[in-house]
Structures are given as structure tokens and as C-alpha cells.
Amino acid sequence: VARALVVDDSRVGRLIVARMIRNAGWAVVEADSGPSAMQVIAEATPDIIFLDLHMPGMGGQDVIRRIRSLGYSVPIVVLTADAQAETREACARLGVQAYLNKPVRQAMISELLASTPAVPS
Amino acid sequence: MSEAGIVGSSTASRSTMVASLCDGWRNAESIFCEMFELSVVFGAPEVSEDASLAPQPDTLVVGMSFDGPSRGLAFLSLPRASARRLVAALLGESDEHSDEVLSLIATTVLELGNVVLNSVVAEVGGNLGETYRFSLPELIGVDGIDARLAAASERFLLSGDACVGGDEPVRLSIGLILTDPSREAHG
């Protein structure tokens with residue numbers, strides 16, 4: 001089963017997105033912070049990452065830079081309430097696969113996952 | 001039947017603020033329906049002046065400060081009992097007072113406020129062609145909101161009911177408080 005990593009400091013935020021991902025037939029691992037996400041990425045090799053931007057400490061954009069600097073090419077989907085164009089553009093420059101504004105919908109997640117090939121383990 | 005109102009206001013930006021709050025109202029409905037997967041009916045918000053719309057005691061308030069060409073605070077509030085019912089419905093939990101429900105109240109209200117308030121501030125910025133920096137959402141006391149409302153140069157407050165299932169309506173308020181920098185400078 002393909003596996004998605006959900007990174008969000010909000011437990012409810014993770015709960016909601018994880019439920020949508022499972023509904024789409026994927027397995028889910030979760031992380032509640034940037035450093036925790038880096039550890040999970042090293043150990044669990046997710047096929048896609050759903051990443052919140054505004055987290056205390058290591059923010060989402062820092063996580064993206066860190067992931068890419070370590071050579072991981074895993075697709076990253078930003079999930080955020082931040083609807084400002086300049087934030088979206090900054091994430092596009094960092095090479096994210098998609099930038100989804102909350103509130104997210106099941107159809108958005110399902111369509112995105114359907115177009116995401118799982119990485120052979 | 002929904003009741004909503006705008007408190008105060010004075011400038012030509014009033015329509016922008018009202019439109020932004022209404023956008024936040026629609027986003028709140030979308031969150032309830034599509035993120036929380038709850039069967040919910042939001043009434044169309046009415047706009048009228050009513051000073052009693054400020055958050056009541058035993059209300060949870062999420063605030064998000066913003067700063068740019070204008071500065072101030074966007075906030076969302078709902079009664080604590082409504083928040084408890086909301087979390088129980090979200091978890092499919094019959095006991096509103098279970099440990100899990102109680103432990104998730106704050107984070108659920110913060111998530112709701114995060115999405116709604118970001119959309120409101122972004123809408124204001126988009127309509128006015130301005131960019132704002134804003135803080136992470138945080139829970140703040142009703143007293144703090146009352147003080148900010150009293151000291152505001154302009155304040156816009158929309159409040160209405162959302163019916164979740166057959167339960168008592170959830171009373172939601174969304175507000176924008178604009179701060180006069182000269183008042184801040186002189187206390």
C-alpha cells in the first residue's frame with residue numbers, strides 16, 4: 001500500500017487529512033513537527049508528503065528546503081490556510097507538487113493521490 | 001434562522017470588510033461540511049448593527065493579529081458548549097465529556113479559526129491590493145477581545161447560527177478589529 005506522510009502541528013488537522021488519505025486507499029504516517037517529519041522520512045520513505053506551512057520552530061518551507069538538500073525527490077503537497085499569493089509563489093519556487101488551501105476536500109485529496117505514483121520500495 | 005450583524009464601522013472600506021467576513025462565513029460552512037464531514041446548515045448571515053454581538057462569557061475565542069497597511073486582529077468565537085459538541089461530532093463520539101473530546105477542543109477551535117481567519121485576512125488584502133503579515137492563531141480571553149473592541153478604530157463583527165444535525169445551533173462569530181496606531185502610541 002502506498003504511504004503518505006502528514007505533517008501538521010495540529011492534531012485535528014492531521015486527523016482530518018489522514019482520514020481523507022485513508023479513504024483514498026493509502027496508508028498514513030504522521031508527524032507533528034518539522035524535525036519529527038525529517039525522522040519519519042528517513043525511516044518510513046513516504047511516497048508523498050502533505051505538509052502544513054505554519055508550525056512553531058521549523059516551518060514548512062524550512063522542511064521543504066531540508067528535504068531537498070538531503071536529496072529526497074518525494075512529491076510534497078503544501079496544505080495550508082495561508083491564502084496569500086506570495087506564500088504560494090515562494091512554495092512554487094521550492095518545487096512543491098501542489099499547494100492546496102484549507103479547507104481541503106476529499107475530492108482534492110483523492111484526485112491528487114490518484115495521479116501520484118507510489119515509489120517502489 | 002440565522003441572525004448576524006455588523007457592529008460599528010465608518011469608512012468606505014466597510015463593504016470590503018463585510019464581504020471578507022461573509023467569505024469567512026462561507027469558508028466556515030465548507031470546513032464543517034467538507035473537512036469535518038458534518039451535516040450542517042448555515043443560515044444566510046444578515047447584516048445589522050447590534051452591539052450585543054461581542055463574545056459572551058464562556059466563549060472560546062481564536063485571534064490572529066495582522067500587520068501591514070492596516071493592523072489589527074481577526075477573531076472567531078463560539079460557545080464552549082458548542083465547541084464540545086462540535087468535537088464530539090467530529091470524532092463520532094457520543095460522550096461530549098470524554099477525555100478525548102475534552103483534549104481536542106482547543107486544537108479544533110484553533111484549526112477552525114486558522115482556516116477561517118486566514119481566508120478573511122487574505123480576502124481583505126486581496127480586495128484592497130494589500131499584503132499582510134499575520135501571527136499564528138491563538139486562544140485569547142473574552143476580556144481581551146472586549147478591550148480590543150472598545151479601543152478599536154473600526155470594528156466589524158458578523159455572527160450567526162450553524163445547525164449541526166438536530167442539536168442546538170452553534171453560535172459562531174467572526175470579527176475584524178482595526179487598530180488606530182496613534183491610539184496605540186499614546187496608550
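Reply: Gladly. A:Thr45 sits in the loop that runs between helix H2 (34-44) and strand E3 (48-51) of chain A. Please keep in mind that this is a predicted model.

Me: What makes the phi of A:Thr45 worth a remark?

Reply: Its value is positive, about 45°, although A:Thr45 is not a glycine. Most residues other than glycine have a negative phi.

Me: And why is A:Thr45 called partly exposed?

Reply: Buried means under 20% and exposed means over 50%. A:Thr45 has a relative accessible area of 49%, so it is partly exposed.

Me: Why is B:Asp58 called exposed, then?

Reply: The relative accessible area of B:Asp58 is 51%, and exposed means over 50%, so the label holds. B:Asp58 belongs to the loop between strand E1 (40-42) and strand E2 (59-67) of chain B. B:Asp58 also has a positive phi, about 60°, without being a glycine.

Me: How do you know that the peptide bond from A:Lys102 to A:Pro103 is cis?

Reply: The omega of that bond is near 5°, and the bond is cis. Most peptide bonds are trans. As for its place, A:Pro103 is in the loop between strand E5 (98-101) and helix H5 (106-114) of chain A.

Me: What puts the buried residues of H4(B) on the same side?

Reply: In helix H4 (residues 142-151) of chain B, the buried residues are B:Val142, B:Ile145 and B:Leu149. The arc they cover around the axis is only 60°, which puts them on the same side of H4(B). They pack against E2, strand E3 (71-79), strand E5 (138-140), strand E6 (154-164) and strand E7 (170-178) of chain B. On the face of H4(B) turned away from the buried side are the exposed residues B:Asp143 and B:Ala150.

Me: Why does B:Asn118 count as buried?

Reply: Buried means under 20%, and B:Asn118 has a relative accessibility of 2%, so it counts as buried. B:Asn118 lies in helix H3 of chain B. Setting aside neighbours within four places in sequence, B:Asn118 is in contact with A:Ala81, A:Asp82, B:Met64, B:Gly113 and B:Phe134.

Me: Now the open spaces. What makes up the lining of the largest pocket, by element and by class of residue?

Reply: The largest pocket holds about 380 Å³ of space. Among its 24 lining residues, the closest to the centre are A:His54, B:Asn114, B:Ser135, B:Leu136 and B:Pro137. Two or more residues each come from helix H4 (85-93) of chain A, and from helix H3 (99-128) and strand E4 (133-134) of chain B. H3(B) gives the most, with five residues. By class, the lining has seven nonpolar, nine polar and eight charged residues.

Me: How many cavities of 30 Å³ or more are there, and what lines the largest cavity?

Reply: The search of the whole structure finds one of 30 Å³ or more. The largest cavity has a volume of about 40 Å³. Among the residues that line it are A:Val6, A:Val17, A:Phe50 and A:Lys102. The elements that give two or more residues to this lining are strand E1 (3-7) and E3 of chain A. The lining divides into six nonpolar, no polar and three charged residues.

Me: Last, what does chain B look like as a whole?

Reply: Chain B has five helices and seven strands, in the order α-β-β-β-α-α-β-β-α-β-β-α along the sequence. Of its 187 residues, 51% count as buried. Chain B exposes about 7900 Å², and carbon and sulfur atoms supply 48% of that area.

Notes. Residues are numbered from 1 along each chain as its sequence is written. Chains are lettered from A and ligands numbered from 1 in the order in which they are written. This is a predicted model: local features need pLDDT of at least 70, side-chain atom pairs count only at pLDDT 80 or more; totals for chains, interfaces and linings use all residues. Side-chain values use heavy atoms; hydrogens and water are left out. On a 1 Å grid over the protein atoms alone, a cavity is a set of points where a 1.4 Å probe fits but cannot get out, and a pocket is an open set with protein on both sides within 12 Å along at least five of seven lines; lining residues have an atom within 4 Å of a point. Grid points are joined across faces, edges and corners, and a volume is the space filled by probe spheres set on the points. Helices (H or I, at least four residues) and strands (E, at least two) are DSSP runs, numbered from the N terminus. Ala, Val, Leu, Ile, Met, Phe, Trp, Tyr, Cys and Pro count as nonpolar, Asp, Glu, Lys and Arg as charged, and the others, Gly among them, as polar. Buried means under 20% relative accessible area, exposed over 50%, partly exposed in between (1.4 Å probe, protein chains only). Contact means heavy atoms within 4.5 Å. Accessible areas come from the Shrake-Rupley method with a 1.4 Å probe; for residues, only the protein chains shown count as cover. The arc is that of the directions from the helix axis to the C-beta atoms.
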